[in-house]
Amino acid sequence: MTNKNLPPTVKAGILGGHFLQFRRNAPEFLQKLSKLGDVTTFKIGGQTAFLVNHPEFVRDLLVTNSHKFIKGRALQRAKKLLGEGLLTSEKDFHLRQRRMIQPAFHRQRIAAYSEAMIEFAEKMASEWQDGDERDIDREMMRLTLNIVGKTLFGANVEDDAQEVGQAMTTIVSMFNLLLLPFAELLEKLPLPHTRKFNNAKKTLDDVIYKIIDERRASGEDTGDLLSMLLAAQDEESGATMTDEQIRDECMTLFLAGHETTSNALTWTFYLLSQNPQSEAKFHAELDAVLKDKFLMPEDYPNLKCTENVLAESMRLFPPAWTVGRLAIEDHEFGGYEIPKGSLVLASTYVMHRDARFWDNAEQFVPERWETVSVKEAGQEFIYFPFSKGVRSCIGEGFAWTEGVLLLAALGRRWKLSLMPEQKIAHQAMITLRPKYGMKMRIEKR
Ligand code: HEM
């Protein structure tokens with residue numbers, strides 16, 4: 001396909017196209033592009049990319065014509081770490097794995113996991129002291145890592161937390177380097193960061209293989225995800241998973257299952273601290289629903305205001321700030337030809353702040369979710385923090401439950417205020433993180 005009819009773009013640099021602008025602040029760069037039209041284009045590392053920013057095109061990309069696309073370069077590159085896990089595998093193999101793993105995320109299973117979510121959150125709430133100054137981004141990472149370790153693998157990650165946590169941080173920060181143009185070449189050289197990445201990967205592999213070995217040896221079914229993975233059999237072929245496949249799925253769930261939720265919680269505490277009226281309403285709901293009793297999984301449906309706060313936080317700071325796909329066939333969006341081999345992006349960050357679809361788009365207004373539900377906004381394709389279609393997040397139900405219960409457990413006892421010197425900016429890596437961390441003061445309520 002020759003592309004004569006190119007969509008609008010912004011001025012590119014002389015070298016490297018739009019790479020520098022993209023790297024400086026990708027969400028804002030995409031937002032700027034989106035002002036030029038519903039389909040726009042840019043060049044990054046020699047590759048032509050398109051941004052689609054109309055609900056119909058997002059539906060087309062993620063649902064109607066999803067078979068014409070595979071994961072974009074970022075997730076292709078993530079195979080180095082995640083192998084052929086759910087997030088990175090494609091087509092029939094992906095569908096088979098998804099079928100086998102889906103039962104672990106059924107509603108009843110999530111209800112069982114929520115006990116552990118509450119237990120870890122209560123533990124953190126009781127460790128905090130009045131007047132503490134804490135790095136809330138790190139605290140949330142520790143909490144969600146412990147929860148994913150426990151609920152999915154029955155593992156006590158806290159014991160290894162230092163080592164595992166450091167390896168994870170190294171891997172996530174190195175990830176940006178893996179995405180640079182020529183990264184494929186760079187990683188073949190014995191550079192310090194390549195070595196650091198390989199060491200961190202080995203640390204994580206060792207932890208995961210150790211967990212798999214112990215479980216195979218004990219033969220115990222503890223009702224967690226790992227037990228299900230070990231027992232899972234494809235209903236059509238009767239195949240079971242090899243240790244390597246189980247490792248890939250564990251690594252995927254480990255990674256996909258904590259950093260996203262942790263960022264969502266960190267941004268939520270930040271937004272609450274900046275919006276005292278919303279914060280007061282959130283606290284009032286916790287006091288009214290929970291009174292002096294223990295927080296229980298059954299409280300979740302009554303924590304509507306808390307859920308709205310989380311929904312609104314993921315509107316403004318969606319942890320998965322963009323979804324990228326590579327076209328494996330020619331396609332067309334809004335009359336523009338998208339040749340095979342192009343990268344196509346749909347950005348939650350951009351769509352969630354588009355003033356055509358949202359009143360007071362840049363403001364934090366949890367009340368908006370009293371008149372429109374998350375489900376309705378999702379069906380309109382203006383809100384998709386967990387993506388859509390066959391590649392949507394398998395952990396969505398897990399994440400909502402975890403997010404609401406953790407906010408409730410911490411928020412019922414503690415009020416968090418931003419430290420005055422704390423600078424706020426986001427850093428769009430795989431997930432949307434606070435660039436300078438999030439130091440907050442903890443006060444007893
Ligand atoms: C606030 C929290 C979370 C957000 C915002 C989020 C977002 C997403 C998004 C946008 C995708 C699609 C990525 C793409 O298409 O390229 C995805 C996929 C995935 N997520 Fe999540 N996620 C969250 C929590 C979780 C949790 C808690 C788990 C597991 C316990 C999880 C496991 C996965 C997996 C395995 C996939 C790949 C699914 C597939 O392709 O079949 N996520 N997530």
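Predicted model: local features only at pLDDT ≥ 70, side-chain atom pairs only at ≥ 80, totals over all residues.
Q: OK. How far is the polar side-chain atom of Arg 325 from an oxygen atom of the ligand?
A: The distance is 2.8 Å for Arg 325.

Q: And Arg 391, how far is its polar side-chain atom from a ligand oxygen?
A: For Arg 391, a polar side-chain atom sits 2.9 Å from an oxygen atom of the ligand.

Q: What about Arg 98?
A: An N or O atom in the Arg 98 side chain is 2.7 Å from an oxygen atom of the ligand.

Q: Which elements give two or more residues to the shell around the ligand?
A: Those are the helices α5 (91–101), α12 (243–256), α13 (259–274) and α18, along with the strand β5 (323–327).

Q: How many residues surround the ligand, and which are the closest?
A: There are 28 residues around the ligand. The closest are His 94, Arg 98, Arg 325, Arg 391 and Cys 393.

Q: How does that shell split by class?
A: The shell has 17 nonpolar, 7 polar and 4 charged residues.

Q: How much space is in the largest cavity?
A: About 60 Å³.

Q: Which elements give two or more residues to its lining?
A: For the largest cavity, they are α6 (107–127) and α7 (136–153). The largest share of the lining comes from α6, with 4 residues.

Q: Which residues line the largest cavity?
A: The lining is made of Phe 120, Lys 123, Met 124, Glu 127, Arg 142, Leu 143, Asn 146 and Glu 158.

Q: And how do those residues divide by class?
A: The lining of the largest cavity has 3 nonpolar, 1 polar and 4 charged residues.

Q: Last topic, Phe 384. Where is it?
A: Phe 384 is in the loop between α17 (374–379) and α18 (396–411).

Q: Buried or exposed?
A: Phe 384 counts as buried, because its relative accessibility is 1% and the cut-off for buried is under 20%.

Q: What is Phe 384 in contact with, leaving aside neighbours within four places in sequence?
A: Phe 384 contacts Val 58, Leu 62, Ala 346, Ser 347, Thr 348, Met 351 and His 352.

Q: How far apart are Phe 384 and Thr 401 in space, C-alpha to C-alpha?
A: Phe 384 and Thr 401 are 17 Å apart by that distance, and 17 residues apart in sequence.

Notes
Residues numbered from 1 in each chain as written. Heavy atoms only, no water. Buried < 20%, exposed > 50% of the residue type's maximum accessible area, 1.4 Å probe, protein only. Contact = heavy atoms within 4.5 Å. Near = heavy atom within 4 Å. Polar contact = N/O pair within 3.5 Å; in protein donor to acceptor, adjacent residues only side chain to side chain. Nonpolar A, V, L, I, M, F, W, Y, C, P; charged D, E, K, R; others polar. 1 Å grid on protein atoms, 1.4 Å probe; cavity = no way out; pocket = protein on both sides within 12 Å on 5 of 7 lines; lining within 4 Å. Points joined across faces, edges and corners; volume = space filled by probe spheres on them.
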